[in-house]
Structures are given as structure tokens and as C-alpha cells.
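Hi everyone, thanks for making time.

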Amino acid sequence: MAVDALDTRILRLLIERPRTSVREYARLLGVARGTLQARLDRLERDGVITGTGPFLSPAALGHPVLAFVHVEVTQGHLDEVGDALAAVPEIVEAFSITGGGDLLTRVVARDAGHLEDVIQRLIQLPGVVRTRTEVALRERVPHRLLPLVEAVGRAAGAQKEQESGAGAHSR
């Protein structure tokens with residue numbers, strides 16, 4: 001899906017000011033409310049915007065320990081183990097991966113003992129061969145997408161300039 005300069009400006013506002021009204025976004029961007037709403041609808045339909053909920057802090061919810069747990073699975077049991085992982089509330093994300101292990105999970109816990117309890121629960125799941133855990137010490141780059149949005153917008157702008165320049169030369 002092509003993201004143009006206006007889409008980039010819209011996405012920047014959504015990231016920087018998520019609790020602003022559509023009317024206010026339109027005013028800030030200098031576009032009609034209908035134009036903005038049509039763009040938002042397209043960005044949602046195309047899967048660029050995937051949600052609008054609040055971002056929650058596991059640490060503030062009493063789970064300050066963050067670990068990445070690699071899970072090795074018996075061949076042919078990936079789907080069953082993946083489904084079982086979804087039943088563990090401390091697993092906040094899980095991905096199928098290449099390399100060492102079959103699944104990578106992001107796990108939060110109250111403390112080291114609680115993390116061990118969660119890992120023991122994972123080890124006991126049918127189809128789990130072994131786990132390998134890495135505990136995060138400090139977040140160095142928080143989850144972010146604005147730099148990516150800006151890079152995509154710059155690339156789209158550069159491509160548009162090339163296309164308009166090529167069209168002018170061919171006349």
C-alpha cells in the first residue's frame with residue numbers, strides 16, 4: 001500500500017496525539033474532515049492502522065520483569081503449542097521464528113520467582129522440548145513506529161518526484 005505525504009502527516013499525529021478528535025486532526029492538517037476520515041478509513045482497511053487502544057505498562061500492572069523465552073517444539077506440534085501459549089496470561093506476545101528455537105515469546109512477571117513459575121508452566125506443555133530464557137535488563141529503544149512512518153513517507157515523496165520528473169521529460 002502506498003503511503004503518501006498526507007498519510008505520513010496523519011500517522012504522525014495519530015502517534016504523537018492519540019487522544020485528539022478527527023475534527024482537530026483535520027484542523028491541524030488543514031484538510032477537510034471528510035478527506036481525513038476517508039484517509040483514516042483507507043489506512044484501516046489496508047491494515048496500516050491496526051488498533052486504537054491505550055498502550056499499557058506491564059510494570060505499572062505489577063509485572064516489571066521482562067523476558068524473552070525461546071521455545072523449542074516437537075516437530076508437528078507448533079500450532080498446538082501456540083494455542084496453549086495463548087492461555088498463559090504472562091505471555092504478552094509470541095512469534096514463530098527461524099533460527100534457534102521455534103517460537104519466541106515475550107513474557108512479563110512480578111519477579112524472578114514468578115518468571116521461573118511461568119517457565120516451568122511452559123516446559124510442561126505437551127509438545128515443548130525445551131526453553132531458553134533471556135531477561136531484559138533495560139529498555140534501550142522503546143517500541144516505536146514514527147521513524148519508520150517518516151522513512152516510508154520520504155521514500156514515497158522521492159518516488160513521486162521521480163515519476164513527475166520522468167513524466168515531464170517524456171513530453
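Let's start with one glycine: where does G53 lie? G53 is in the loop between α3 (33-45) and β1. Helices here are DSSP runs of H or I with at least four residues, strands are runs of E with at least two, and both are numbered from the N terminus. At 47% relative accessibility, G53 counts as partly exposed. On that scale, buried means under 20% relative accessible area, exposed means over 50%, and partly exposed is in between, with a 1.4 Å probe and protein chains only.

Before going on, a word on where this comes from. This is a predicted model, where local features need pLDDT of at least 70 and side-chain atom pairs count only at pLDDT 80 or more, while totals for chains, interfaces and linings use all residues. Residues are numbered from 1 along each chain as its sequence is written, and side-chain values use heavy atoms, with hydrogens and water left out.

Now the overall layout. The protein has six helices and four strands, and from the N terminus they run α-α-α-β-α-β-β-α-β-α. The radius of gyration is 22 Å, well over the 16 Å that the globule rule gives for 171 residues, so the protein is more spread out than a compact globule. That radius is taken over C-alpha atoms, and the rule is 2.2 Å times the number of residues to the power 0.38. The C-alpha trace spans about 65 × 40 × 30 Å along its principal axes. Buried residues make up 25% of the 171.

Back to G53 for a couple of distances. From G53 to L85, 32 residues along the chain, the C-alpha atoms are separated by 23 Å. From G53 to T98, 45 residues apart in sequence, the C-alpha distance is 30 Å. T98 sits in a loop too, between β2 (91-96) and β3 (103-109), and T98 is exposed, with a relative accessible area of 75%.

And what about H70: buried or exposed? H70 is buried, at 12% relative accessible area, and belongs to strand β1 (residues 65-73). Leaving aside neighbours within four places in sequence, H70 is in contact (heavy atoms within 4.5 Å) with residues including I97, L103, R130 and E134. With E134 there is also a polar contact, side chain to side chain, at 3.4 Å. A polar contact is a pair of N or O atoms within 3.5 Å; within protein, one must be able to donate a hydrogen and the other to accept it, and residues adjacent in sequence count only if both atoms are side-chain atoms.
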